[in-house]
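Keep the structure open beside them and look up each place as you read.

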Amino acid sequence: MTPPVGASTATDAVRPSDDESGLEADQPERRRLRLPFSPWHLVLIPIAFILIIPLLWMLITSLLTPSEANQFPPVIIPRELRFQNYPDAFTTAPFGKFLLNSTIVTLVVVVSNLVVCSLAGYAFARMRFWGRSALFLALMATLMVPFQVTMIPVFLIVKWFGDNVWSFMGINHLGALMLPNLATAFGIFFLRQFFQTVPVELEEAARVDGTSRIGVLFKILLPLSLPAMSTLAALTILTSWNDFLWPLIVVTSQDQMTVPLGLSYFQGAHTTDWPLLMAGNVMSLLPMLVVFVVAQRYFVQSVAATGLKG
Amino acid sequence: MATVTEDPARRPPGALRRLGRSEHATGWALASPGVILIGIFGLLPVLLSLKLSFQKSDLLTPETPWVGTANYRKLFNDPVFAAAIEHTLIFTALFVPGTMLVGLLVAVAMNRSIRFISVYRTAAYVTMAVSTISEGIIFLWLTDKDYGLVNSALNAVGISSQPFLSSTSQALYVIVAMTIWGWTGFAVIIYLAALQGVPVELHEAAAIDGASPFTRFRTITVPLLSPASLFLVVWLTINALQLFDEVYLTTRGGPLRATTVIVYYLWDQAFVQFQAGYAAAMAYVLFVVILIITAIQFRISRRYVHYS
C-alpha cells in the first residue's frame, strides 16, 4: 500500500498535476513517471473490479449450463450464453408475482412516508402545539429500539388488525407488510431537520399575505424540499424493497411474498441448481441496482448527511 | 399580542395573531397521522414486549400465563444463548473494524477527481443496493466447497479447498467477510464525504513544514475523520449486534449452531419454537446490551473525537 495514499488526497483532488505548490519540493523529480493518464487508475481499476467480482460472478454463472456450473475449476468464460436460465427461473418460481408484490408494497410505503412525514415534520419544525417536545422526544426514542424488540408485538397487532378491521391488513397479506412502515421516526426527524433550514422569512412573508399554515407548506416549503424528499424517497425505497425479517415473519404463502423472501424460498428449493439460482438472483437484484445507479446522488447524500451530522 | 404603541407596519395586523389559537389544532392535525402510526407500531410494541417478556406465549392461543422473571432467569442459564452471545460478539469485533478499514482505504483511494472517478465510486457504492439475501446466495456459491470460485483460486496458489460455510470453525468468518463486502459501500460514502471536508490548507502547511505524507495522514486526516469514524463505529456495531438475514440465508444458524447469533436464536424461539415470551425477554436483553455498548462508545469518543 503506497504511503502517500491518504495525505496527498486532498491536494490531488484539487491540483492533480500542479508542481508549483511547493508540495513536491521535498520529493525528487525523477520519481514522477510520465504517463498519459493518472497512475491512480492502476490502483482504482483493480479495487473497483475486486469489489464487484461477486456481482460479475453471479452474472456469469447465470449464463452457464448446469454441466458447466458443476465443473471445477469453474468455467470463467462460458462457451455459450445460456439465456434460457432466465425464462426458466421466471417459470419455476413466480418472480413476476414477487416483483409485483414488492413494487406495490414499496410504492405505498414510500408515498405514505413522504406525505405523513412531511406533514409531521413541518408540524414539529414550525408549529407550536401543546406537548410538542415531549412527543418528538418519544418518537426519537423509538429509533433506539431494535426491531427485534417490537417485532413480536407488532405481529400480534397486525394480526389483530387483520382479524378485526380489514383482512388485507392481516397476517399473510400485503397490508401487513405496509402497515408498520407507513411512517418512520427517521423520516419525520429527517424532514423536520430539513424544514428548519428553510428561512422563516419566506413563510412569514406568505402568511402575512394571508396564506394559511397548510398553504405555506404546499406552496413554499414543498417545492423547496425536492432534494430532501428525493433523498428520503430513495432511502425508503431501498430499505422497503430489501426488507427481509418482517416479511419472513408475516408471510406464509408464496403468492404474498416479496422479492427477498421469494428469493430465499427459491434458493431453498433449488439449492444446487446454481445457474438457475443466479438467474433468479440477477432478476431480483436488477430493479434496485437500476434505482440505485439512477438515484445514486440521493443515496450518497442521505448516507453522508446522517454520517456527518455527528 | 400587539400593543397600541407598536408600529403597525412592523406587526402585520391580525394575520399572525389570528392563527395563535388554531395553531395548536393545526399542529396536532398535521402531526397526528405520523404520531398515531408510530405510536401504534413503535411505542406501544415496546411496552407490550416488556409485558410479554414476563409471560409465556406461543403467539397463537390467547392464554398467556404470567411467569414473572422466569424467562430472564432461563436466559442466564441457557447455553445456546451464551453461545449466541459469543458468536455475535466475535462477529461484531471483526466486522466493525474490518468494514471501517476497508471503507477508509477505498475512500482514500477514491478521493481524487481523475477521469472515470464517478464510475469507480459507483462500483464501490453499489454493494449498498444488494439485498442481504442476494448477498447470501452469491457468497454461498462463491465459497461452495466443491465448485466455488474462491476454492479454485486457493487451489491455484497451492491451498487445498476449504469447507467454508459447511465448517463449524470457518462459517462465522465467512459471514464476517460477506457482510464486510455488503457494508463497504456505506462506509466508503461516509468516509469519502468526511475526507472531502478536510481542508487542503492544513495539508499544505504541514507539507511545507516537512511532514511526510504518512505523518500528515496520521496527524491531520485521521483526527478530522474521527466524527465519521464514531458514527461508523456506533452504527456498524448496532447493526452487527442485530445480524440475522445473512445467517438465515447461508447457514440457518449452523452448522451445529456455529453461526447462531442472538437475533437468529430470538427469531427461532419466537416463530419456530413458539416461545414468544422467552424471545421477548431475549430481545429486551439485546436492547439493553445495545444501549450500554453505544453509551460506552460515546463515552470513549469524548477522548478521541475532534469536532472542527
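1. What is the mean pLDDT of chain B, and what share of its residues reach 70 or more? The mean is 87, and 93% of the residues in chain B reach that level. Please keep in mind that this is a predicted model. Its overall scores are ipTM 0.83 and pTM 0.83.

2. Now the confidence for chain A. Its average pLDDT is 83, with 87% of the residues scoring at least 70. One stretch calls for care: over residues 1-29 of chain A the pLDDT is below 50. In the model this stretch still has 44 contacts beyond near neighbours in sequence.

3. Which secondary structure elements does chain A have? The count is 16 helices and 0 strands. Of its 310 residues, 51% count as buried. Chain A exposes about 14300 Å², and carbon and sulfur atoms supply 66% of that area. As for its contacts with a separation of 6 or more, 66% are between residues 24 or more positions apart.

4. Next come some helix pairs. Two packed helices are described by the angle between their axes and the distance between the axes. Take helix α10 (residues 226-241) and helix α13 (residues 276-304), both of chain B: they pack at about 165°, and their axes are 10 Å apart. To find where they meet, look in α10(B) for residues including L230(B), V233(B), V234(B) and I238(B), and in α13(B) for residues including L286(B), I290(B), I293(B) and F298(B).

5. Helix α10(B) has another partner to look at. Helix α7 (residues 171-195) of chain B packs with α10(B) at an angle of about 160°, and the axes are 10 Å apart. Because of that angle, α7(B) is roughly antiparallel to α10(B). Here, too, the crossing is right-handed. On the α7(B) side the contact includes W183(B), F186(B), I190(B) and Y191(B), while α10(B) contributes residues including F231(B), L232(B), W235(B) and N239(B).

6. Which helices of chain A and chain B come within 10 Å of each other, axis to axis, with a crossing of roughly 150°? They are helix α15 (residues 274-294) of chain A and helix α5 (residues 132-142) of chain B. The angle therefore makes α15(A) roughly antiparallel to α5(B). This crossing is left-handed. In α15(A), W274(A), M278(A), N281(A) and L285(A) meet S134(B), I137(B), I138(B), L140(B) and W141(B) of α5(B).

7. Is H41(A) buried or exposed? This residue sits in helix α2 (residues 40-62) of chain A. Because its relative accessibility is 10%, H41(A) counts as buried; the cut-off for buried is under 20%. Leaving aside neighbours within four places in sequence, H41(A) is in contact with P46(A) and also with I114(B), R115(B), F116(B) and Y120(B).

8. F116(B) lies in the loop between α3 (79-110) and α4 (117-125) of chain B. Its relative accessible area is 47%, so F116(B) is partly exposed. Most residues other than glycine have a negative phi, and most peptide bonds are trans. The phi of F116(B), however, is positive, near 70°.

9. Which residue of chain A has a positive phi of about 65° although it is not a glycine? That is N172(A), found in the loop between α7 (147-164) and α8 (174-178) of chain A. With 17% relative accessibility, N172(A) counts as buried.

10. Finally, two prolines of chain B. A cis peptide bond with omega of about -5° joins G254(B) and P255(B), and P255(B) is in the loop between α11 (245-250) and α12 (262-271). P223(B) lies in helix α9 (residues 213-224) and is partly exposed at 22% relative accessible area. Not counting residues up to four places away in sequence, P223(B) touches R218(B) and H306(B).

How values were computed. Residues numbered from 1 in each chain as written. Chains lettered and ligands numbered in written order. Predicted model: local features only at pLDDT ≥ 70, side-chain atom pairs only at ≥ 80, totals over all residues. Heavy atoms only, no water. Helix = DSSP H or I, 4+ residues; strand = E, 2+ residues; numbered from the N terminus. Buried < 20%, exposed > 50% of the residue type's maximum accessible area, 1.4 Å probe, protein only. Contact = heavy atoms within 4.5 Å. Areas by Shrake-Rupley, 256 points an atom, 1.4 Å probe, with all protein chains shown as cover. pLDDT = per-residue confidence, 0-100. Axes fitted to C-alpha atoms, helices over the stretch in contact; angles between N-to-C directions. Parallel < 35°, antiparallel > 145°, perpendicular 65-115°, else oblique. Left-handed = near helix turned anticlockwise from the far one by under 90°.
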